Amino acid sequence: MKNDSKITALRMERQFLSRRANKDEYLTLYRDLQPGQNVYWNGFGDPPSLTFRADFDDIAFNRVRQARHELIKGRFSGGNLGWIVPEDLELFMALYRKPLLKPTAIQRRLLTLIEREGPLTIQMMKEETGLLVKEITPALHRLQEAFLIYEDQYDGEWDRGWYRFGEMFPDIDPDKYTRSEALKIILQRFAYRLVLFDTVMAKSFYKLPEKEIKAAVSALVTGDVLIETDNGYLLKTDCAKLSAHAENTSNTIASVYALHRNDILVKSNEHVLKEQFKPLYEHLEYDREPLQYLLIDGEIHGISVGHFRNGPYDLNDVVTDLPDTEARKEEILEAVRAVNGGKTPKRFMGKEI
């Protein structure tokens, strides 16, 4: 993620990591970073969160948005659950809808049941059909990917109603956008918030075919919206802004954040991060699963490793590739503690603390 310092500073500004967003700013930021996800591993059932970005409790804020159906749930990037604003539903249908051309007997049975008697919970479907939960759940997920049914999660409860999609969203036009048109819209949002990006980053985040992403990017370059550079693409409107951006950006980006693995700055770079930091931890003899990535002065320079648990993680070590790691030790450890309930890692750079 190494970039020109002006690009890094502008990215931190656009991500609201150099200052935190108010509610109006957050709403626009959330739209641009969709589909929103909850905190990796320990956010099960929680609303989505843009960690570190808001000057208020955004989990509580998004819980209210869920209850008001101002955030709706679906299966988007790679079939993963995510939350979008309803006004962008047609956009994300164009990107992620997987038509169900050959439904299985179970899929047909459940769809017919929901259309006739819905909304229904999984327990109600089990009682009605005699099917096992392990048979029902994957069938529902496939119907959900086809946007034929909708799971109405408006609170943190687990037993949720499943509706016929058209009942919940009667005015939606599933063919409003082609995938190419939708890609050109979301890639401009992606470019604005990442400032500099390449097609592999977009593929990594959106889990869409790179061939189609490249075609959309090429069209945006031809249309004078994006400019190609040696390292990727950026909005043409950002060129003048970057040229005018102050050279001395140290006060803007001096910071340490421990980012969870659903954070956009991690997910859009996950194709390189594991390989980049693996040499620092692969030789360790204790559990060393990547837990959080360390955003230091606007660039990812380290990682906490250990073992995920339903409760406090095993924080076995923190490693970085900084030349002055010891000088930043306390600052780094404090950032790791901040997202781990105050727990201190067992080691720093392989040495016991």
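Author: Let's start with Asp 297, which lies in the loop between β8 (289–296) and β9 (299–307). Bear in mind that this is a predicted model.

Reader: How do you know whether Asp 297 is buried, exposed or partly exposed?
Author: Asp 297 has a relative accessible area of 26%. Buried means under 20% and exposed means over 50%. A value of 26% falls in between, so Asp 297 is called partly exposed.

Reader: What is the phi of Asp 297?
Author: Phi is near 55° there, a positive value in a residue other than glycine. For background, most residues other than glycine have a negative phi.

Reader: Which other residue has a positive phi although it is not a glycine?
Author: Phe 16 is one, with a phi of about 60°. Phe 16 sits in the loop between α1 (5–14) and α2.

Reader: And why is Phe 16 called buried?
Author: The relative accessible area of Phe 16 is 8%. The cut-off for buried is under 20%, so Phe 16 counts as buried.

Reader: What about Leu 50: what makes that one buried or exposed?
Author: Leu 50 has a relative accessibility of 11%, which is under 20%, so Leu 50 is buried. Leu 50 lies in the loop between α2 and α3. Leaving out residues up to four places away in sequence, Leu 50 touches Tyr 26, Leu 29, Tyr 30, Leu 33 and Asp 58. Val 39 is 11 residues from Leu 50 in sequence, and their C-alpha atoms are 8.5 Å apart.

Reader: Why is Lys 102 called exposed?
Author: Lys 102 has 76% relative accessibility. Exposed means over 50%, so Lys 102 is in that class. Lys 102 is in the loop between α4 and α5. From Lys 102 to Pro 345 is 243 residues in sequence and 50 Å in space, C-alpha to C-alpha.

Reader: And how would you class Gly 166?
Author: With a relative accessible area of 30%, Gly 166 lies between the 20% and 50% cut-offs, so Gly 166 is partly exposed. Gly 166 belongs to helix α8 (residues 165–168). Gly 166 and Leu 148 are 18 residues apart in sequence, with 7.6 Å between their C-alpha atoms.

Reader: Why is helix α4 described as largely enclosed?
Author: Eight of the eight residues of α4 (residues 89–96) are buried, so the rest of the structure largely encloses this helix. Leu 89, Phe 92 and Tyr 96 are among those buried residues, and so is Glu 90.

Reader: What covers the buried residues of α4?
Author: The cover includes the strands β1 (72–75) and β2 (81–84). It also includes α7 (133–145), α8, α9 (179–194) and α10 (199–206).

Reader: Which residues touch the most other members of the largest nonpolar core?
Author: Leu 187, Phe 190 and Phe 197 do, in a core of 66 residues. Apart from this core lies another one of 15 residues, including Tyr 313 and Ile 332. In soluble globular proteins, nonpolar side chains tend to be buried together.

Reader: What is Phe 197 in contact with?
Author: Leaving aside neighbours within four places in sequence, the contacts of Phe 197 include Leu 187, Phe 190, Ala 191, Val 217 and Leu 226. Asn 231, Gly 232 and Tyr 233 are also in contact with Phe 197.

Reader: How do you know how the protein's radius of gyration sits against that of a compact globule?
Author: A compact globule of 353 residues would have a radius of gyration near 20 Å, and the protein has 22 Å, which agrees. The C-alpha atoms fill a box of roughly 65 × 50 × 35 Å along the principal axes. Within the protein there are 16 helices and 12 strands, and buried residues make up 51% of the 353 residues.

Definitions and conventions: Residues are numbered from 1 along each chain as its sequence is written. This is a predicted model: local features need pLDDT of at least 70, side-chain atom pairs count only at pLDDT 80 or more; totals for chains, interfaces and linings use all residues. Side-chain values use heavy atoms; hydrogens and water are left out. Helices (H or I, at least four residues) and strands (E, at least two) are DSSP runs, numbered from the N terminus. Buried means under 20% relative accessible area, exposed over 50%, partly exposed in between (1.4 Å probe, protein chains only). A nonpolar core is a set of buried Ala, Val, Leu, Ile, Met, Phe, Trp, Tyr and Cys residues joined through side-chain atoms within 4.5 Å. Contact means heavy atoms within 4.5 Å. The radius of gyration is taken over C-alpha atoms; the globule rule is 2.2 Å times the number of residues to the power 0.38.
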